[in-house]
Amino acid sequence: TTKKQPTVAMLLSGGVDSSVALNILHRQNYNITAFYLKIWLEDELSHLSECPWEDDYNTCLDVCHQINVPLETISLQEQYKERVISYTIREAER
């Protein structure tokens with residue numbers, strides 16, 4: 001009988017920790033789909049000459065490509081702005 005690979009969804013940030021964790025899961029024969037979360041601040045900074053999130057995203061693409069893992073991007077810009085940033089501002093104004 002063929003053993004079925006366990007399936008894992010993983011958030012990838014472009015940093016060392018998540019990249020290493022992805023590689024460990026890959027070596028352990030998990031069936032992985034990686035996800036990159038796009039948050040609101042990324043587009044707010046687009047007027048700058050550099051986009052720091054693009055470096056993170058490109059790192060995610062490179063890491064996934066090296067081990068043939070699909071990468072999906074999820075846009076949570078509005079939710080992040082509404083639930084995290086607005087909340088933080090409201091609390092700071094208290």
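Trainee: What share of the contacts with a separation of 6 or more is between residues 24 or more positions apart?

Mentor: Such residues account for 66% of those contacts in the chain, a contact being heavy atoms within 4.5 Å. Please note that this is a predicted model, in which local features need pLDDT of at least 70, side-chain atom pairs count only at pLDDT 80 or more, and totals for chains, interfaces and linings use all residues. Residues are numbered from 1 along each chain as its sequence is written, and side-chain values use heavy atoms, with hydrogens and water left out.

Trainee: Which secondary structure does the chain have?

Mentor: It has four helices and three strands, following the pattern β-α-β-α-α-β-α along the sequence. Helices (H or I, at least four residues) and strands (E, at least two) are DSSP runs, numbered from the N terminus.

Trainee: In what order do the strands form the sheet?

Mentor: The order is β1-β2-β3 in an open sheet with parallel pairing; two strands pair if DSSP finds at least two bridges between them. Because β1 (7-11) and β3 (71-75) each have a single partner strand, one side of each lacks a neighbour in the sheet.

Trainee: How many bridges join β1 and β2?

Mentor: Five bridges join β1 to β2 (residues 31-38), and T7 stands opposite N31 in β2.

Trainee: Which strands does helix α1 touch?

Mentor: Helix α1 (residues 16-27) packs on the sheet and touches β1 and β2. Its direction makes about 170° with that of β1; axes are lines fitted to C-alpha atoms, for helices over the stretch in contact, and angles run from 0 to 180 degrees between N-to-C directions.

Trainee: How much of the chain is buried?

Mentor: Buried residues (under 20% relative accessible area, 1.4 Å probe, protein chains only) make up 26% of the 94 residues.

Conventions:
Buried means under 20% relative accessible area, exposed over 50%, partly exposed in between (1.4 Å probe, protein chains only).
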